[in-house]
Amino acid sequence: MARWSHLASLAVALALVQAASSAHWLNDYFFTDGNVRATYDASGQQVAMVSLNQQSGGGGFNSKKNFLFGEFSIKMKLIPGNSAGTVSCFYLSSGTDDYRDEIDMEFMGNASGQPVVLNTNVWANGDGKKEHQFDLWFDPAADFHTYTIIWNPVNIIFQVDDKVIRCFKRYADLAYPNAKPMAVHATLWDGSYWATEKGKIPIDWSHAPFTVTYRNYFADACVGGSKCPAGSGKWMRRQPSKAEWGTISWAEKNFMRYNYCTDGWRFPNGLPAECSRH
């Protein structure tokens, strides 16, 4: 009986350690850089606040581990009001070299009253230019919303809350990010030269500091160079269902602002090969 009691106490203790670890996700899983402040919400969950001002710039956090395939998500509350010129990001990247792999969710700030634009992009061996951009159909500064990247050997899925909005397929003869482990990043920076109306509307620093709030980070992923976690099959083989292809069509029809596969001016020698294979 005493041995059972000891084991039960140990199990409770381990459960508490695991719960505490998940509650302190920023400290446990990330390095921080620049203007990042950690606090806690009423439930005891850690919240990261990343700020941007003219004097000291922006900030972000970068994962301590690199991953090769996985499911990654985070809840974000974006900048309220006039956020034109700012770029808030949640993305994966293998580095900063000219041959990097990268998977991006970038939120391009707006002038007050205009929609925030979500830019999704995929880089493979330094080749990007695969943007799909969407006007968000809700106010992303009014509350937290969940943004998810599912990356496996078959496809890359981008999801907003419960809606799949894009699937980037792998083709055997085309470049795809499948060999370079990538770190998870979240950043906030000055993108005045590019972000809002193709750079026509820069940051109005009178509204600074600009702050993005992150919470509830989740990763179920294979750490680069080691085994994948138990149960990884649920995302390792995942492809959009028929219903999810329906939400992709819905997003494209109603909210797509830019599709690289229709930009003949950008690709005068012909559109990328995958554009004709959907």
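**One residue first**

Mentor: Ser83 is in the loop between strand E4 (59-77) and E5. Strands (E, at least two residues) and helices (H or I, at least four) are DSSP runs, numbered from the N terminus.

Trainee: Is Ser83 buried or exposed?

Mentor: Ser83 is buried, at a relative accessible area of 2%. Buried means under 20%, exposed over 50%, and partly exposed in between (1.4 Å probe, protein chains only).

Trainee: And what does Ser83 touch?

Mentor: Not counting residues up to four places away in sequence, Ser83 touches Gly109, Asn110 and Phe210. A contact is a pair of heavy atoms within 4.5 Å.

Trainee: Where do these coordinates come from?

Mentor: This is a predicted model: local features need pLDDT of at least 70, side-chain atom pairs count only at pLDDT 80 or more, and totals for chains, interfaces and linings use all residues. Residues are numbered from 1 along each chain as its sequence is written, and side-chain values use heavy atoms, with hydrogens and water left out.

Trainee: OK, what is the mean pLDDT of the chain?

Mentor: The mean is 90 (pLDDT is the predictor's confidence in each residue, from 0 to 100), and 92% of the residues reach 70 or more. Residues 1-21 have a pLDDT below 50, and that stretch makes 3 contacts in the model beyond near neighbours in sequence. Where pLDDT is low, the predicted coordinates should not be read in detail.

Trainee: Where is Asn110 in the model, and what does it touch?

Mentor: Asn110 is in the loop between E6 and strand E7 (117-123). Its contacts, not counting residues up to four places away in sequence, are Gly81, Asn82, Ser83, Ala84, Pro115, Val116 and Thr196.

Trainee: Buried or exposed?

Mentor: Asn110 counts as buried because its relative accessible area is 8%.

Trainee: New topic. How many cavities of 30 Å³ or more are there?

Mentor: The count is 1 cavity of 30 Å³ or more. On a 1 Å grid over the protein atoms alone, a cavity is a set of points where a 1.4 Å probe fits but cannot get out, a pocket is an open set with protein on both sides within 12 Å along at least five of seven lines, and lining residues have an atom within 4 Å of a point.

Trainee: What is the volume of the largest cavity, and which residues line it?

Mentor: The largest cavity has a volume of about 60 Å³; a volume is the space filled by probe spheres set on the points, which are joined across faces, edges and corners. The lining is Leu78, Ile79, Ser83, Thr86, Ser88, Phe107, Met108, Gly109, Val116 and Val212. Strands E5 (86-93) and E6 (102-108) are the elements that give two or more residues to that lining.

Trainee: And the largest pocket, what is its volume?

Mentor: The largest pocket comes to about 940 Å³. It is lined by 35 residues, and the closest to its centre are Met108, Asn119, Glu131, Gln133 and Trp194. E5, E6, E7, strand E12 (182-190) and strand E14 (256-259) each supply at least two lining residues.

Trainee: Tell me about Trp194. Where is it found?

Mentor: Trp194 is in the loop between E12 and E13. Trp194 counts as partly exposed because its relative accessible area is 29%. Its contacts, leaving aside neighbours within four places in sequence, are Val87, Glu106, Met108, Asn119, Trp189 and Gly199. Trp194 and Met108 are 86 residues apart along the chain, and their C-alpha atoms are separated by 9.0 Å.

Trainee: What about the second largest pocket?

Mentor: The second largest pocket holds about 420 Å³. Of its 15 lining residues, the closest to the centre are Tyr29, Phe67, Tyr217, Ala219 and Asp220. Helix H2 (25-29), E4 and strand E13 (210-223) each supply at least two residues, and E13 gives the largest share, 6 residues.

Trainee: Last one, the backbone. Which residues does a cis peptide bond join?

Mentor: A cis peptide bond joins Ala208 and Pro209, with omega about 0°. Pro209 is in the loop between E12 and E13. Asn125 has a positive phi, near 55°, and lies in the loop between E7 and strand E8 (132-135). Asp161 also has a positive phi, near 55°, and is in the loop between strand E10 (155-160) and strand E11 (163-169). Most residues other than glycine have a negative phi, and most peptide bonds are trans.
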